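Here is a set of questions and answers on one protein model.

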Amino acid sequence: MDDDTPDEVFAELKSRPIGGWGVAQIAAGTGLAVYAMWAGILQPGFRKVPLKLQVPYIPASRAQVQNVMTLLRGRQGGLVDLGSGDGRIVLEAHRRGFSPAVGYELNPWLVRLARFYAWRAGHHGKVSYRREDLWKVDLTKCKNITVFLAPSVLSLLQEKLEAELPDDALVVAGRFPFPDWKPCIIEGHGVDRAWAYSVQAQRQHTVNKNNNLTTTESLLQ
Ligand SMILES: C[S@@+](CC[C@H](N)C(=O)[O-])C[C@H]1O[C@@H](n2cnc3c(N)ncnc32)[C@H](O)[C@@H]1O
């Protein structure tokens, strides 16, 4: 049996050309590792969610959280973060007096992580992270809602929010605005920007739009 030292083995490996087969093996290994991480850590819980509604986990930056909190200034009561990730928005909302502060998140690892962060910050039991599909959550009693999601789902989410939220609710969207809504305030710049929407103003806007459409149609007949 050869009794080469690890240094000798490493030096020999370094001096050997990798070749096409080696490159293919490295590429396959890397691809497998990335897939395992995506399937096992980032996307579990999403099997029942249609592909076009799946939103990956990208945590809000410190500036984004700050902008969201600025838009929520003066508001009271409970807060719900739809797709709460590691729970940073919920935790900050709780620190600023929102109660109950609740996050809905499908990824069980992120729910655990959020609970751990809350415990580490000394707020265990004061914030709530629920492993639930945000599309199935009843929002009829929510007054303050935050969403950091992808443009592909915002159009559908608009409909759910407009159908369920009470008139005095405020919705704050981070990173991407709702496609058809008119924000009442905008805070921040570039990727850190956040948009606040008054549900009552939004409903009025939709009614006016529909009335204008009806008038135009009757004039055309
Ligand atoms: C862009 S991240 C935002 C995380 C967090 N709100 C933040 O700002 O740091 C979107 C999160 O929504 C979660 N998510 C996506 N679709 C969901 C669904 N149908 N129900 C619950 N959570 C969902 C993802 O797992 C991900 O953690």
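Q: How many of the 22 residues of H7 are buried?
A: This is a predicted model, in which local features need pLDDT of at least 70, side-chain atom pairs count only at pLDDT 80 or more, and totals for chains, interfaces and linings use all residues. Residues are numbered from 1 along each chain as its sequence is written. Helices (H or I, at least four residues) and strands (E, at least two) are DSSP runs, numbered from the N terminus, and a residue is buried if 20 or more other C-beta atoms lie within 10 Å of its own, exposed if 12 or fewer, and partly exposed in between, with C-beta atoms placed from the backbone. H7 lies largely in the open because the number of its residues that are buried is 2.

Q: What distance does helix H7 reach from its first C-alpha to its last?
A: Helix H7 covers residues 199–220. The expected span is 1.5 Å times one less than the number of residues, which gives 32 Å for H7. The reach in the model is close to that, at 32 Å.

Q: Is Glu 105 buried or exposed?
A: Glu 105 sits in the loop between S2 and helix H5 (108–120). Contact here means C-beta atoms, placed from the backbone, within 7 Å; not counting residues up to four places away in sequence, Glu 105 touches Gly 83, Ser 84, Gly 85, Leu 110, Val 111, Ala 114, Tyr 129 and Arg 131. Since 27 other C-beta atoms lie within 10 Å, Glu 105 is buried.

Q: Which residues does Val 171 contact, leaving aside its neighbours within four places in sequence?
A: A nonpolar core is a set of buried Ala, Val, Leu, Ile, Met, Phe, Trp, Tyr and Cys residues joined through C-beta atoms within 7 Å. In the largest such core, of 44 residues, Val 171 is among those that touch the most other members, with Val 90, Ile 145 and Val 172. The contacts of Val 171 are Ile 145, Val 147, Leu 161, Tyr 197 and Val 199.

Q: What is omega for the peptide bond from Ser 99 to Pro 100?
A: Pro 100 is in the loop between helix H4 (88–95) and strand S2 (101–104). Gly 97 is also in the loop between H4 and S2, and is exposed because it has 12 other C-beta atoms within 10 Å. The bond from Ser 99 to Pro 100 is cis, with omega near -5°.

Q: What is phi of Arg 175?
A: Arg 175 lies in the loop between strand S5 (170–174) and strand S6 (185–187). It counts as partly exposed, because 19 C-beta neighbours are inside 10 Å. Its phi is positive in a residue other than glycine, near 70°.

Q: Which residues does Asp 192 touch, not counting those up to four places away in sequence?
A: Asp 192 is placed in the loop between S6 and strand S7 (194–198). With 18 other C-beta atoms within 10 Å, Asp 192 is partly exposed. The residues that Asp 192 touches are Ser 61, Ala 63, Gln 64 and Asn 67.

Q: How far apart are the C-alpha centres of domain 1 and domain 2?
A: Domain bounds come from an automatic or database domain assignment. The protein is divided into domain 1 (6–42) and domain 2 (62–207). Their C-alpha centres are separated by 41 Å.

Conventions: Contact = placed C-beta atoms within 7 Å.
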